[in-house]
Amino acid sequence: MSKITVKAGADHINDLATAKPVSAISELIWNGFDAKSQCVEVIINKNPALESIDSIIVKDYGSGIDHNKVSDLFGNLGESWKKQARANGDRSLHGQYGRGRFKALSLGSKIKWNTVFTKDDKSFKYAISSDANSVKDFEIGPITSLERTDSGTEIEIFNVTENVNYLLSEEALSELVMEFALFLTEYPNRKLIFCGVHVKPEDAWDDKTDFDLGDIELPNEQKAKVSLSIIEWKKKNIQREFHYCDALGFSYYKEKLGQLVRAPGYEFTIYAKCDYFKALSERNEISLGDMIPELKVIKDAVLQRARLHFIDKAFVKKTKIVDSWKEEEIYPYDDELVLDPTKIVERKVFDILAVNVQSYLKTFEKADKKTKKFTFMLLSQAIKQNPASVQKIISEVLGLKKKEQDELAELLESTTLSSIISASKIVTDRLNFLNGLDNLVHDKESKKNLLERDQLHKILEREAWIFKEDFFLAGSENRLEEVLLKHIKHLGKREDDTSAGPVLLPDGRQGRVDLMFAKSRQPYEGFTEYLVVELKRPSQKIDYDVIGQVEKYALAVSADERFDHANSKWTFIAVSNSMDAYATKRARQRGWPKGKTLDDADANVEVWVMTWSEVIHAARSKLSFFSQQLKYEATRGSSTEYLEQKHKEFLPELPANEVTKVS
């Protein structure tokens with residue numbers, strides 16, 4: 001038996017050993033996950049006779065505590081091994097200051113760590129004990145060898161304090177779920193068991209939404225890749241927080257959100273994810289906030305996206321109210337009229353104002369139809385012709401009190417016109433692209449001229465959402481490109497193979513008509529999804545040979561030794577203008593979605609065949625609700641303008657303008 005004495009004052013350690021039950025148990029759970037355990041289990045042993053807790057056990061199946069390192073691990077406060085591990089590149093760790101072991105003393109006066117570690121293919125067991133009466137000292141028990149080769153640590157807590165009974169409440173479980181919700185989502189292979197209950201993230205939230213903001217330009221002329229998660233909690237009256245996390249979702253610093261994002265009726269947390277925060281944390285600068293220009297730019301972008309998110313949700317809630325106005329025939333806008341983006345913004349601003357007018361003005365609901373219609377007409381005209389007069393109309397005509405005006409003004413502060421325009425523009429841009437793509441691949445002239453090398457290929461790389469939304473912002477990687485090239489022989493002779501001479505277009509220029517692009521993304525830790533799209537030339541029907549070649553190619557690529565086959569998913573899509581009878585039957589198999597020809601569970605690979613008309617129709621269907629709400633008409637002119645703006649360098653000469661509606 002040996003003893004370790006911590007190099008810190010007893011008063012300081014006693015402060016650390018004072019924590020609320022959920023906070024203390026959370027630290028022990030985090031320690032288990034930091035030890036690379038796939039599962040952490042909390043067991044509470046109750047005394048039925050006394051209706052109290054006898055002991056608490058926190059069990060993990062991680063790496064255990066190396067006996068040779070126990071003095072360093074338990075003897076130094078503020079110099080946790082995790083801090084050094086983070087510096088060495090291990091970003092999957094929660095703590096770094098070595099304080100978690102002392103918080104356990106807030107749960108009970110006697111703590112015992114029974115740990116098993118493996119060294120040189122042998123397992124060893126020993127125990128570490130701590131007592132609240134001597135908080136600076138840890139007793140290290142004798143080490144013994146074991147025949148089994150597993151490892152892990154079991155923490156036993158005895159002589160529990162009275163407040164620990166809180167852990168048996170529903171509130172405690174709810175707090176634990178909130179604490180680990182993001183972690184268990186980002187790392188779905190990890191599991192937390194609490195009192196026999198499998199803690200699942202979806203038990204804590206009403207909704208979780210992820211956004212990828214892509215690369216953001218910083219004032220120091222660098223770029224930062226930023227994403228965010230917004231979790232809307234079921235539990236009410238929680239403190240809204242803004243977390244600064246790395247790309248894996250580990251929070252380095254958090255602050256109160258206050259009214260930076262106004263979303264009445266929602267309880268939520270914003271997790272901003274960017275590796276730049278890690279660098280700031282290492283320099284102890286992350287708490288400086290707006291004093292650091294780069295951090296302010298990232299935070300502003302995240303907050304703006306969060307505001308837009310809740311604005312969109314507010315619009316959905318208000319849809320029913322607006323529909324009731326239309327039925328009552330007091331709504332001042334005609335649904336039959338085609339609106340440009342400016343008119344769309346005008347209407348949305350009116351909806352926000354009018355819904356709040358109805359909420360705040362109690363007499364409005366009791367007014368007759370003629371009065372309501374006149375009131376809405378005045379408001380809509382003010383927004384259109386003289387926005388500055390809106391406050392006067394609200395004050396003098398609608399009779400809102402000063403407090404109600406201020407509340408309405410606060411709402412409008414979070415509802416910027418630029419945010420609404422941005423949301424509308426994404427939809428209109430996609431509608432224009434679909435219309436333009438339809439023209440490119442089906443019109444006689446553009447189809448003939450589109451065979452220039454890398455034109456359609458490059459355009460679609462930027463618009464990959466048309467095949468799978470998840471790959472909209474995904475990138476390519478050299479390894480993937482190399483493997484695709486290695487197995488290209490499975491696709492047979494390709495039209496762009498110049499070994500037998502170049503492929504020439506009708507006007508004599510060299511062309512490339514069989515194209516391929518690929519993208520990859522990592523939706524969560526350790527798992528990668530790949531998308532490979534084979535674009536066949538318009539004259540090449542998808543037939544028996546094409547399907548066979550693509551399926552052989554897909555299986556060969558997915559089985560390549562350079563990929564982790566168990567943690568990857570592959571989607572291969574072959575696209576052309578038409579299919580023969582055989583391909584049409586293969587694309588319509590019972591029990592499978594239309595277009596799927598192969599679904600290999602072992603290789604985790606799918607193969608799909610589609611015509612351009614099917615691809616475009618499917619994409620339009622996804623946008624149909626938004627296009628109907630916007631009443632937006634994409635013409636050949638607007639589609640051409642979009643293509644020239646976004647993809648000018650890859651375009652052939654397009655035919656003259658002609659109106660084509662998008663339904």
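Biologist: Let's start with Cys 195: buried, partly exposed or exposed?
Modeller: Partly exposed, because its relative accessibility is 38%. Keep in mind that this is a predicted model.

Biologist: And what about Cys 245, buried or exposed?
Modeller: Cys 245 counts as buried, because its relative accessibility is 0%.

Biologist: OK, new topic. Which residues touch the most other members in the largest nonpolar core?
Modeller: Ile 25, Ile 56, Ile 128 and Trp 233, out of the 53 residues in that core. Helix H6, residues 170-186, gives the most to this core, with nine residues.

Biologist: What is Ile 128 in contact with?
Modeller: Leaving aside neighbours within four places in sequence, Ile 128 contacts residues including Ile 65, Val 70, Phe 74, Ile 111 and Trp 113. Phe 138 and Ile 140 are also among its contacts. Apart from this core lies another one of 30 residues, including Val 441, Leu 456, Val 533 and Leu 623.

Biologist: Now Thr 153. Where is it found?
Modeller: In strand S8, which covers residues 152-160. Thr 153 counts as buried, because its relative accessibility is 8% and the cut-off for buried is under 20%.

Biologist: Which residues does Thr 153 touch?
Modeller: Not counting residues up to four places away in sequence, they are Val 58, Lys 59, Asp 60, Gly 64, Ile 65, Trp 113, Asn 114 and Thr 115. With Thr 115 there is a polar contact between the two side chains, at 3.0 Å. Phe 117 is 36 residues from Thr 153 along the chain, and their C-alpha atoms are separated by 8.5 Å.

Biologist: What else is found in strand S8?
Modeller: Asn 159, for one. Asn 159 has a positive phi of about 50° although it is not a glycine.

Biologist: Last one, helix H8. What span should its 36 residues have?
Modeller: At 1.5 Å a residue, H8 (residues 293-328) should span 52 Å, and its end C-alpha atoms are 51 Å apart, which agrees.

Biologist: Where does H8 bend?
Modeller: At Lys 318, by about 40°. Just after H8, Glu 329 takes a positive phi of about 65°.

Terms used
Residues numbered from 1 in each chain as written. Predicted model: local features only at pLDDT ≥ 70, side-chain atom pairs only at ≥ 80, totals over all residues. Heavy atoms only, no water. Helix = DSSP H or I, 4+ residues; strand = E, 2+ residues; numbered from the N terminus. Buried < 20%, exposed > 50% of the residue type's maximum accessible area, 1.4 Å probe, protein only. Contact = heavy atoms within 4.5 Å. Polar contact = N/O pair within 3.5 Å; in protein donor to acceptor, adjacent residues only side chain to side chain. Expected span 1.5 Å × (residues − 1). Bend = angle between axes of the 7 residues up to and from the residue. Core = buried A, V, L, I, M, F, W, Y, C linked by side-chain atoms within 4.5 Å.
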